[in-house]
Amino acid sequence: MNGLSEVNIGEFKKQFTGEVIVPEDANYDEVRQIWNAMIDRKPALIVRCTTPEDIIQAIEFGRTQNLLISIRGGGHNIAGNAVCDDGLMIDLSLMKGVEVDPTTRRANVEPGCTLGDFDAAAQAWGLATPLGINSTTGVAGLTLGGGFGWLSRKYGMTIDNLLSVEIITANGRQLHASEAENADLFWGVRGGGGNFGVITRFEFQLHPVGPNVLSGLIVFPFEQAKSVISQFARFTETMPEALNVWMVTRKAPPLPFLPEAVHGKEMVALALCYADDPEEGEKLIAPLRGFGTVLGEHIGVQPYTAWQQAFDPLLTKGARNYWKSHNFSQISEGVIDTIIEYAARLPSPHCEIFIGTIGGKTTSVAPEAMAYSSRDARYVMNVHGRWETAAEDERCITWAREFFAKSQPFASGGAYINFLTHDETDRIVFAYGTTWKRLVELKNKYDPMNLFRMNQNIKPA
Ligand SMILES: Cc1cc2nc3c(=O)[nH]c(=O)nc-3n(C[C@H](O)[C@H](O)[C@H](O)COP(=O)(O)OP(=O)(O)OC[C@H]3O[C@@H](n4cnc5c(N)ncnc54)[C@H](O)[C@@H]3O)c2cc1C
């Protein structure tokens, strides 16, 4: 139990400019709820910051009151670390400023921005940086874990485009960190999650993108999965960096471009985006249609911002989610067979297995150059368990765990910390691999008391 009283909350409110929410407030349940409905935690206090000074006050209050602190950006993290039981939830989701300088092609982004907020502001100038594939995800958590999406083969991980941060460390100091200043801290935040402090501003490099890009989906029958996925594996090994193709197998949603007979049936889809001249892209993607019998396709030249939102309807907040993930340097026959075996018995119509393709520029950085070290990963597979009711928990979690175990022998090692669930704390050291020792040293220096521990935690020694 915490020792919070109305008196000390009242004192705190005197200096705080944002909103303070206690369990008795009408919006408490709405604000504490995060993307993954499996997580149902009840903080003693929620503070919704609007300025960096608010964040300093909140950290100071949490430390002096000896409260467990959680930091919420977009609230998407599958492990649910944005919210804690009985502690202080520091909610940054109201801090949504984005400033774009089209001349230097740089953007300053506040920590409550979603990918959609950032993409919209940057695309107003025909610019973008690599982010994830679901527009409601938070820029903050995604960046701190590494970040990858459609543009990553051409422009690298999100962290490869991070130029500097403003960060408030556990002792309440506000620091600027970049390659030139507090370089050790800057190394740590590029993959080390929220372990070293609270970021109040991210500065990114932008690149000319679109504003229209060739993108979309091609759907094949599940019966042809072996052949389609094998060809996908070969094609993605040599495709140009501006092209990205991901594979997903699941039950077909009722998409208007698919015949009704296919709705609700297992299928294999290729999702693609070409971040260059669309006419050139058309030629490059033509072979994909020959991978099997096309059941339907929805490919065209559309605004990059629209493609960035294309999967939002399948990834809405409020469902129960349990994920398992492996990195691969290549897609071997063994893993293809295992994917097919488990995709044939999806435990819920919302479950899916996808392979996100990275490689290209993501592999051009030395593994120890930043905290994120999985530079040999060319594919990130996510076993996306997703369902509606608690009664389905056991069945769906068992399916995800079994598939994860069976596909492990084909994985290349490391793991993407942004895909780890709450019960995978034993995989954190493995996820970081060669950068782990240096991360612990950095934690000793910047957060020796482990004030920031609601994360994929790097415990101080
Ligand atoms: C539907 C969906 C799709 C996704 N797709 C992709 C994808 O395509 N590519 C990809 O790379 N990832 C993807 N992810 C994973 C995503 O990167 C992580 O879930 C990420 O943690 C989300 O960040 P957030 O700010 O929304 O999360 P939150 O839950 O708010 O934050 C996650 C953690 O980050 C830390 N944190 C947040 N803000 C700050 C801050 N300002 N300072 C310090 N620490 C902070 C905290 O420890 C917090 O617990 C996806 C996730 C979902 C749910």
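Predicted model: local features only at pLDDT ≥ 70, side-chain atom pairs only at ≥ 80, totals over all residues.
Me: OK, zooming out. How many helices and strands does the chain have?
Reply: The chain comes to 14 helices and 18 strands.

Me: What radius of gyration does the chain have, and why does that agree with a compact globule?
Reply: The chain has a radius of gyration of 22 Å. That agrees because a compact globule of 461 residues would come out near 23 Å. Along its principal axes, the C-alpha trace spans about 70 × 55 × 40 Å.

Me: What share of the residues is buried?
Reply: Buried residues make up 58% of the 461 in the chain. As for the surface, the chain exposes about 17500 Å², and carbon and sulfur atoms supply 53% of that area.

Me: What about contacts between residues 24 or more positions apart, what share do they have?
Reply: They account for 73% of the contacts in the chain that have a separation of 6 or more.

Me: Let's look at single residues. Is Thr169 buried or exposed?
Reply: Thr169 counts as buried, because its relative accessibility is 2% and the cut-off for buried is under 20%. You'll find Thr169 in the loop between strand S8 (162-168) and strand S9 (174-178).

Me: Which residues is Thr169 in contact with, leaving aside its neighbours within four places in sequence?
Reply: Thr169 is in contact with Ile59, Leu175, Leu185, Phe196, Gly197, Tyr446 and Phe452.

Me: Now Arg234: buried or exposed?
Reply: Arg234 is exposed, with a relative accessible area of 55%. That puts Arg234 in the exposed class because the class takes in values over 50%. Arg234 belongs to helix H8 (residues 225-238). The C-alpha atom of Arg234 is 27 Å from that of Thr129, and the two residues are 105 apart along the chain.

Me: Switching to backbone geometry. Which peptide bond is cis at Pro211?
Reply: The bond from Gly210 to Pro211 is cis, with omega near 5°. Pro211 is placed in the loop between strand S11 (207-208) and strand S12 (212-221).

Me: What's phi for Asn182?
Reply: Phi of Asn182 is near 45°, a positive value in a residue other than glycine. Asn182 lies in the loop between S9 and helix H7 (183-189), and is partly exposed at 28% relative accessible area.

Me: And Asn450, what's its phi?
Reply: Asn450 has a positive phi of about 55°, although Asn450 is not a glycine. Asn450 sits in the segment after helix H14 (436-446). With 10% relative accessibility, Asn450 counts as buried.

Me: Last one, Ser412. Where is it?
Reply: Ser412 is in the loop between helix H12 (393-407) and helix H13 (428-432). Ser412 has a relative accessible area of 26%, so it is partly exposed.

Me: Which residues does Ser412 touch, not counting those up to four places away in sequence?
Reply: Ser412 touches Asn327, Phe328, Ser329 and Asp376. For Ser329, the backbone nitrogen lies 3.3 Å from a polar atom of the Ser412 side chain.

Me: How far is Ser412 from Ala369?
Reply: Their C-alpha atoms are separated by 19 Å, with Ser412 and Ala369 43 residues apart along the chain.

Definitions and conventions
Residues numbered from 1 in each chain as written. Heavy atoms only, no water. Helix = DSSP H or I, 4+ residues; strand = E, 2+ residues; numbered from the N terminus. Rg over C-alpha atoms; globule rule 2.2 N^0.38 Å. Buried < 20%, exposed > 50% of the residue type's maximum accessible area, 1.4 Å probe, protein only. Contact = heavy atoms within 4.5 Å. Areas by Shrake-Rupley, 256 points an atom, 1.4 Å probe, with all protein chains shown as cover. Polar contact = N/O pair within 3.5 Å; in protein donor to acceptor, adjacent residues only side chain to side chain.
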